[in-house]
Amino acid sequence: MKTGALILLVCLSLFPGGCATRDFAAEAEGAKTKVGIVFDIGGKDDRSFNAAANSGVLRAKKDLPIILRDVEPGDPTSIEPAVRAFAQYGYNLITGVGFAQGPILTEVAKDYPQLHFVLIDAVADSPNVASLLFKEHEGSFLVGMIAAYTSKTGVLGFVGGMDIPLIHKFQTGYEEGARYVNPNIRVLHNYVGITDAAWNNPGKGRELANAQYEQGADVIFQAAGNSGLGVFDAAEAYNKFAIGVDANQNWVKPGHILTSMLKRIDNAVYSIVKDEVEGKFKGGVHIYGLENDGISYAIDEYNKHLIPQDVIEKVEQAKKDIIAGKIKVTDAMAK
Amino acid sequence: MRNIFNYTLIASTIRLSTPLILAALGGLYSERAGVINIALEGMMLAGAFTAAVVTVFTHNPWIGLLSAVAAGLLVAALHAMATIKYRADQVVSGTAINILFLGVPALLSGALFESTGATPQLPRDQTLPDAPIFNPQTSPALASIFNQKPLVYLAFILVAMTVYVIYRTRFGLRLRAVGENPEAADTAGVGVNRMRYAGVLISGALAALGGAYLSIGQNSLFTRNMTAGRGFIALAALIFGKWHPVGAMLACLFFGLAEAVAIRMQGTVNIPNQFIQMIPYILTMVVLAGLIGRATPPKALGVAYAKE
């Protein structure tokens with residue numbers, strides 16, 4: 001019996017690896033461009049950051065002659081093996097989703113100079129890596145304005161995922177946007193945690209939002225991955241508003257999601273894949289902001305009755321002013 | 001200070017403690033019978049996932065809750081078979097279950113919802129309701145503290161019931177006996193392994209309830225690894241509470257309070273967030289090391305029993 005159990009255990013432990021090996025090696029045929037993507041810890045159905053990246057590559061798969069494979073690492077230590085596996089099998093374009101993959105992609109890209117890499121939310125100093133950066137602070141400024149115009153209590157909330165400079169960028173932009181409308185507004189802010197488990201703890205997200213609503217906040221902007229879905233639950237329970245992030249989340253809890261700060265990772269990833277297929281891949285830093293619609297906010301059938309037309313006009317004016325440089329939004333990461 | 005210490009703190013403490021209390025009680029039944037249960041985390045995940053999935057399909061959170069219990073029993077049966085029947089190392093079996101339930105939800109939700117771990121979000125009227133005891137309009141403080149999910153009340157009732165069962169019933173006496181001295185219990189005619197099966201199974205059911213509280217009570221969906229270590233904290237609370245139901249409950253309330261205070265300190269007190277988030281754990285170590293004294297586990301904990 002003991003040997004039987006042992007053999008079973010060995011098989012189980014080999015299963016994911018064995019399975020992956022076969023997958024990576026498969027379909028090595030043809031002139032198709034092979035695209036591999038390694039997601040962040042949140043996983044591709046976080047309805048937010050990773051989901052946006054996923055919809056970009058899926059769209060590319062539909063339109064373009066590519067072979068697409070993805071990996072969702074279960075924990076941070078399995079990111080590097082996944083990236084290296086793609087590289088070993090000669091994937092032409094390897095995408096790393098999330099700042100945490102910065103150092104890993106930098107290393108792997110140097111070992112495979114003939115391959116191309118895409119890094120989202122961080123910069124890798126290697127000519128064969130396209131580093132995609134987004135001006136989240138500008139979009140956060142705009143949704144901060146909408147929040148301030150909507151708030152009746154004069155108190156807003158912000159719930160971030162992991163307490164890191166990237167998320168501070170969302171927070172400061174949001175605060176500045178809110179103060180641009182109402183200099184006396186109070187913005188409460190909380191972070192779910194200080195490790196990457198913070199992206200996957202909706203229970204804590206809910207509890208943080210509860211605390212903010214109880215302190216008088218009536219709009220909460222969340223930038224917290226899966227934990228942010230707990231913020232939406234709280235918004236519904238307290239009959240208040242929340243603001244979505246990265247992908248358009250207005251549909252998740254209709255009527256309670258005021259708007260979503262859009263980070264068009266989907267468009268950015270799509271265009272890089274397209275460039276790769278057409279042989280026009282360019283390494284270096286690519287910046288997406290309001291001016292090229294890389295950053296924006298969502299108005300659709302779920303929320304258009306929540307925001308009056310004159311507010312939208314003011315926000316659109318501010319958007320023009322930011323693009324023109326008349327309004328300066330602090331970039332918390334640049335400090 | 002009034003921003004931190006007010007009635008919402010009490011409400012928050014209760015909400016945060018509930019899944020811990022349920023899981024810690026679960027751990028108590030198993031460990032009192034002599035089977036280490038570090039699989040609490042995996043059992044919670046199994047319960048949370050099953051509750052969310054079944055509720056998505058049946059639109060009824062109560063059926064979801066019952067299914068979670070069934071799932072907990074199933075996972076516990078796995079742990080019990082491995083450790084009692086086949087006398088596998090209890091820590092290894094528990095670890096295997098924890099790792100297994102990082103993956104199983106991703107696999108199943110892929111088949112069911114084409115997702116990799118998350119379930120669709122449930123509408124609010126399909127999650128467990130709050131008990132409408134006080135009117136939030138006329139008495140907001142009382143409503144905030146007492147209008148909780150039924151599982152919250154169940155958790156505290158179960159603590160009282162466990163005290164009774166463990167210390168006042170024949171079942172409890174036998175359970176403790178097989179955890180302390182299985183040879184003597186066996187000589188006295190107690191079915192050691194049968195008692196241990198019972199302990200581990202109850203453990204799974206309770207831990208799964210704790211998980212279901214997270215997915216269909218506090219929240220409205222399951223996401224990958226959403227327990228975020230609560231099973232391990234429950235286990236720590238059990239040890240902290242010296243394997244006594246009331247002690248474990250107090251320890252869970254203490255963890256809940258520390259976290260609720262940490263939540264309210266963020267942004268109101270000028271201390272770095274990294275430090276604030278350490279407070280619950282630092283307090284635990286201080287209390288464990290200094291105040292609580294020696295915690296003595298059941299004597300036969302971790303030792304499989306083989307009839308000679």
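These notebook entries record what I looked up in a predicted model.

**Conventions.** I number residues from 1 along each chain as its sequence is written, and chains are lettered from A and ligands numbered from 1 in the order in which they are written. For local features I need pLDDT of at least 70, side-chain atom pairs count only at pLDDT 80 or more, and totals for chains, interfaces and linings use all residues.

**Entry 1: two helices of chain B.** I looked up α6(B) (residues 150-168) and α7(B) (residues 170-180), which pack at an angle of about 70 degrees with their axes 5 Å apart. Helices are DSSP runs of H or I with at least four residues, numbered from the N terminus. Axes are lines fitted to C-alpha atoms over the stretch in contact, and angles run from 0 to 180 degrees between N-to-C directions. α6(B) and α7(B) are therefore roughly perpendicular (65 to 115 degrees).

**Entry 2: the two chains.** I found 30 residues of chain B in contact with 33 residues of chain A; contact requires C-beta atoms, placed from the backbone, within 7 Å. On the side of chain B that touches chain A, α1(B) gives the most, with four residues.

**Entry 3: helix α11(B).** I noted that α11(B) has 21 residues and reaches 30 Å from its first C-alpha to its last, close to the 30 Å expected (1.5 Å times one less than its number of residues). Its buried residues include Phe254(B), Phe255(B) and Ile263(B); buried means that 20 or more other C-beta atoms, placed from the backbone, lie within 10 Å of a residue's own. After α11(B) comes Gly267(B), with a positive phi near 85 degrees.

Note on methods. Parallel < 35°, antiparallel > 145°, perpendicular 65-115°, else oblique. Contact = placed C-beta atoms within 7 Å. Buried ≥ 20, exposed ≤ 12 C-beta atoms within 10 Å, placed from the backbone.
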